[in-house]
Structures are given as structure tokens and as C-alpha cells.
Amino acid sequence: MTPPETGRARWQRAYDEAERAGRVRRADFTTLSGEEVDPVYGPADESADERMARIGWPGEFPFTRGLHATGYRGRPWTIRQFAGFGNAAQTNERYRMILDAGGGGLSVAFDMPTLMGRDSDEEISLGEVGHCGVAIDSAADMEVLFAGIDLGQVTTSMTISGPAVPIFCMYVVAAERAGVDPATLDGTLQTDIFKEYIAQKEWLFAPEPHLRLIGDLMAYTTANLPSYKPLSVSGYHIREAGSTALQELAFTLADGFGYVELGLSRGLDVNMFAPGLSFFFDAHVDFFEEIAKFRAARRIWARWMRDRFGATDPRAQWLRFHTQTAGVSLTAQQPYNNVVRTAVEAMAAVLGGTNSLHTNALDETLALPTERSAEIALRTQQVIAAETGVANVIDPLGGSWYVEELTDRMEAAAEEIFARIETMGEEREHRIGPITSGLLAGIENGWFTGEIAESAYRQQADLEAGRKHIIGVNTHTSTVTGELEILRVGGEVETEQRRVLAERRAARDDAAVRVALADVAGAARGTANMVPPLLAAARAEATLGEMCQVLREVWGEWAEPGNF
């Protein structure tokens with residue numbers, strides 16, 4: 001009787017097939033001293049190591065060690081730099097700098113009015129235009145933002161949730177006007193409204209209308225933009241709000257499960273829509289805890305997708321994720337220390353198997369990054385990729401007693417939180433699914449914000465009591481560092497953005513805009529997919545504020561319960 005194929009043999013066969021197909025990079029896979037290294041390492045006798053059933057091999061369920069048999073030997077992570085400030089033309093210049101310097105993808109930061117679905121000339125936008133990101137009022141702005149950049153060749157991530165669907169429509173229109181077939185677009189839209197209610201607080205309506213928009217977008221992209229990822233489930237903002245690594249992991253994956261339930265409630269095939277979901281995590285400074293978090297996330301997601309939601313296609317079981325180094329770990333005191341923190345955090349993300357990565361700039365705790373600090377942040381990733389050798393071996397920390405124990409512990413604790421969330425939803429009607437009901441209950445009763453607030457309080461108390469240390473803040477505070485030169489966005493940006501917006505309004509066909517907005521309102525009152533009428537409005541040069549205001553008038557606004 002032929003003995004069963006070992007995991008190593010299965011991995012080796014998959015790796016060899018990838019190599020024959022040209023999916024392994026031609027590179028020098030040796031140490032700095034010239035010693036050759038194997039693509040992956042594991043126990044000589046798998047049967048003697050009980051952990052192997054949980055760990056597995058790269059490219060196979062439960063994907064603890066990575067999604068692909070080749071790891072970074074096949075394709076390194078995408079170096080994606082988050083940028084946006086001032087107006088679209090200024091940010092376009094920064095994007096060109098990033099791409100010319102070797103960046104592999106773009107990530108758009110929007111200003112506060114845009115994040116809240118407001119136009120630059122609204123009274124509430126005064127003083128905020130272009131300050132924490134780029135101002136986008138219409139599809140014409142989106143054209144300028146990506147002028148000279150082939151959207152058919154560059155992947156673009158857009159970090160926006162409340163008005164994500166109108167922004168997506170403007171992006172599609174910009175691609176159309178540039179001669180790019182929207183069906184070829186590849187990128188990511190955040191769209192994660194659960195984390196807005198839990199942590200970031202940038203919503204437009206009550207949860208149910210937002211979930212309707214997200215369901216419409218999932219259905220539309222599944223049918224029309226097969227490579228586009230319409231939803232990036234974000235733990236980053238949960239962590240930045242003060243959560244622990246465990247809370248970030250559990251709350252984020254629970255949000256993801258809610259979106260899977262949403263897709264299933266729409267009658268979508270999980271094997272078709274789940275590959276369009278991606279994740280966005282924080283990489284904090286506790287090196288091994290972060291690596292364990294990433295590995296546990298892949299394993300939990302794969303198991304739930306297969307066993308709970310019936311996904312049979314491995315791609316529907318994959319947890320693809322982007323990572324950004326921890327903005328909250330940066331300090332205004334001794335800001336050059338932030339370069340060290342960012343490098344450690346970036347290395348943790350890479351050793352955890354991230355699919356793409358943004359490294360924060362040293363001055364981001366003070367202002368938007370200058371070109372000089374943005375280049376240092378970009379070079380940090382390039383040094384890790386080209387000089388450290390970490391891309392030569394797949395999951396090099398796999399099998400570490402410490403890392404595997406942390407991974408197991410993180411997974412078990414996350415499961416306890418999932419059970420708590422489901423219990424909270426038991427008294428609600430399960431119109432979408434039990435996890436979604438628990439998420440909505442936790443949002444409405446303030447449980448999520450309370451848990452994060454308690455965590456943030458404990459972290460601050462530890463710092464003030466000296467139980468935890470931050471160099472330059474509560475220890476080693478003497479310094480020779482002077483003030484940094486920072487990027488300042490002047491008031492002329494807002495003046496110019498308002499002027500251009502007024503000119504565009506005067507030049508457009510107002511009758512066509514009125515018809516398009518009326519169609520948006522009609523669709524919002526009914527049950528039709530919202531994406532086509534919003535696309536038509538974007539083509540007519542309706543502004544973001546106009547589209548969102550129509551939806552506010554139909555769906556109303558929402559305020560969270562005052563639990564604090």
C-alpha cells in the first residue's frame with residue numbers, strides 16, 4: 001500500500017510546478033556570506049510534530065504559513081505608499097514621485113470633507129480642505145488625480161468608507177475618460193462601514209443603508225470588475241483607536257464575517273465574491289505579537305470560510321491583507337526614532353506574510369509627510385526587500401515555539417470574542433446573519449467602543465506608571481534633535497479648490513445633473529442596485545456632496561448612543 005503523500009512532498013510538488021511555470025523569481029537566494037538557503041524549512045519527521053496539523057505548509061489549508069507555495073520567492077509584497085494632500089494636482093505629483101522611486105502601487109488619502117461626503121465649498125468644510133488628504137469633489141478631480149498614470153496597470157487602494165461607492169463611481173469614470181476598460185481595473189476600495197461605527201466614526205447614515213450600498217457594490221463588482229476588490233476590512237483604525245492586538249484581530253475578522261453574510265444574503269456565490277474581500281491591518285511595535293496576529297488571522301479566516309460559509313475554492317478561503325505601520329506608535333518627541341519603529345513594524349508585517357505594505361514617515365505625527373520623509377519611508381521597505389534576505393525563505397519563523405504558542409493563543413482568544421458577538425445578536429432579527437446581528441447590537445449598545453476605550457485607558461495607565469516605556473517620551477528624554485521642517489498646506493489650496501469647483505458647476509449641464517440626482521433618489525427609495533445611477537451621476541459631473549446629500553435626504557442621518 002502506497003503511504004500517503006507528506007505535506008512537504010505536496011509543497012515541493014506545488015513549488016516545482018510554479019518554478020516550471022516561471023512564477024519563481026530569478027534571484028540570488030543566498031545569505032550575505034554566500035550560503036544557499038532552502039525555500040522553506042520544517043520538521044524532518046512531520047508525524048513526530050503534533051503542531052503540523054495546525055501549521056501546515058505554505059500554500060495549503062489553513063494557510064498559516066502563507067497563501068502561496070512560493071511565498072515571496074514568487075512575488076514580493078507590493079510596496080504601496082499612502083499619500084494625499086492639497087488638491088488633486090499636488091497629490092498627482094507625489095504619486096509620480098513614488099512610482100518613479102520604485103513604488104509598486106498607490107494608496108489614496110482623502111481630506112476630511114471628502115471622507116464625510118461633503119463638497120469643498122460647504123460651510124462645514126471650512127479650514128479642512130486638503131489638510132489630512134486630497135480634496136475630491138467630482139469625477140473631474142479624479143481625472144486630475146491620476147493624470148498620466150495608467151489605471152489599467154497600477155493597482156490603487158482608496159481609504160474611504162462612508163462615501164466609498166460615489167468615490168468608486170468617480171474612479172470608474174476617470175478610467176473611462178482615460179480610455180481604460182473598467183473591467184480591467186485592479187485595486188481596493190475600503191468601504192468598511194462596521195469599523196467606522198466601531199472606531200473611526202466617519203459614517204453618513206444608519207448602518208442598514210450603508211450595508212445596502214456595500215451589498216450593491218459587491219454584486220456590481222463581482223459581475224463587472226472581476227479583479228477589483230470592493231471591500232477592505234480594516235483593523236488598522238480599530239488598533240489606532242486604542243485596541244489591543246487581539247481586539248484588532250477579532251473585531252476585524254468578525255466584521256469580515258458580517259460582510260460574507262451580507263454577500264450570501266444577496267444570493268451571491270461565496271466562491272465568486274469572497275476573493276474580492278481583502279483586509280487592512282496595523283503593524284505595531286511588539287514584534288512577535290504582530291507576527292502571530294497575522295498568522296492567526298489567515299488560519300481563522302480559512303477555517304471559517306470553509307467550515308462556516310462553505311467556500312470550496314482556496315481563493316475564497318484566502319485572507320489577503322495590506323499592512324500599514326502603526327501611526328499611533330510615532331512620537332512627536334525625538335521624531336527620528338520613528339524611523340527605527342517603522343522599520344521594526346515593517347519587518348514584522350513582512351515576516352507575518354503581508355501582501356502589501358505602507359511604511360509611515362517619521363514626521364506623520366506632526367503633519368503630512370514631506371517628500372524627503374516619504375522617500376525614507378519608501379526606502380525602508382526597499383532595504384528590507386533587497387538587503388535583509390527575509391524574502392528568500394517562506395515563513396522563516398514558522399515552527400518557533402514562541403511564535404506558534406502566540407499564534408495558537410491569539411486564535412483561541414479570538415474565538416471567544418466571536419462567540420460573545422454572536423450571543424449579543426441573539427435577540428435581534430437575523431435579517432442578514434447571526435454575526436451581523438451581533439455586530440449591529442454591539443454598535444448600538446456601545447460594546448465595541450467601550451472595549452476599545454478600556455484598552456486605551458490601560459495602555460495609558462501603564463505608560464504613566466512606568467510599566468511600559470516609549471523612548472523619548474517617558475524614558476531617555478534628553479535629545480540633541482531640533483525641530484523638523486514639516487509640510488504645511490496653506491489656505492490658498494482651499495481657495496483654489498472652491499474656485500475650480502465653481503467653474504465646473506457653471507460649465508456642466510445642470511439639467512442632466514438634476515435628472516441623474518433624481519434617479520439616485522428614486523433608486524434609494526426602491527430596491528434597485530445603487531451603483532448604475534451613481535455612475536450616471538458621476539458621468540454628469542454631479543459632485544460628491546450633491547450625491548451624498550440626496551442619499552441623506554432619503555435615508556436620514558444617524559448618531560451613535562451617548563454611552564460616554
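A residue is called buried when its relative accessible area is under 20%, exposed when over 50% and partly exposed in between, with a 1.4 Å probe and protein chains only. The structure is a predicted model, in which local features need pLDDT of at least 70 and side-chain atom pairs count only at pLDDT 80 or more, whereas totals for chains, interfaces and linings use all residues. Residues are numbered from 1 along each chain as its sequence is written, and side-chain values use heavy atoms, with hydrogens and water left out.

Figure 1. Of the 564 residues of the protein, 57% count as buried. The secondary structure comes to 22 helices and 8 strands, where helices (H or I, at least four residues) and strands (E, at least two) are DSSP runs numbered from the N terminus. Along the principal axes, the C-alpha atoms fill a box of roughly 75 × 60 × 50 Å.

Figure 2. The 8 strands form an open sheet with parallel pairing, in the order 4-3-2-1-8-7-6-5; two strands pair if DSSP finds at least two bridges between them. Strand 4 (187-189) and strand 5 (231-234) stand at the edges with a single partner strand each, so one side of each is left without a neighbour in the sheet. Strands of a sheet pair through backbone hydrogen bonds, either parallel or antiparallel.

**Figure 3. Strand 1 beside strand 8.** Strand 1 (residues 78-83) pairs in the parallel sense with strand 8 (residues 356-358) over 2 bridges. The bridge partner of T78 in strand 8 is S356.

**Figure 4. The ring pair of W203 and W558.** Rings of Phe, Tyr and Trp (its six-membered ring) pair if their centres lie within 6.5 Å, and planes under 30 degrees apart count as stacked, over 60 as edge-to-face and the rest as tilted. By this rule the count comes to 30 aromatic pairs. W203 and W558 form an edge-to-face pair, 5.2 Å centre to centre with 70° between the planes. W203 lies in the loop between helix 7 (193-200) and helix 8 (207-224) and W558 in the segment after helix 22 (544-555), so the pair ties together parts that are 355 residues apart in sequence. W203 counts as buried at 12% relative accessibility, whereas W558 counts as partly exposed at 23%.

Figure 5. The ring centres of W304 and F309 are 6.4 Å apart and their planes are at 45°, so the pair is tilted. W304 is buried, with a relative accessible area of 7%, and F309 counts as buried at 10% relative accessibility. Ring pairs link both residues into a cluster whose members include F257, F279 and W301.
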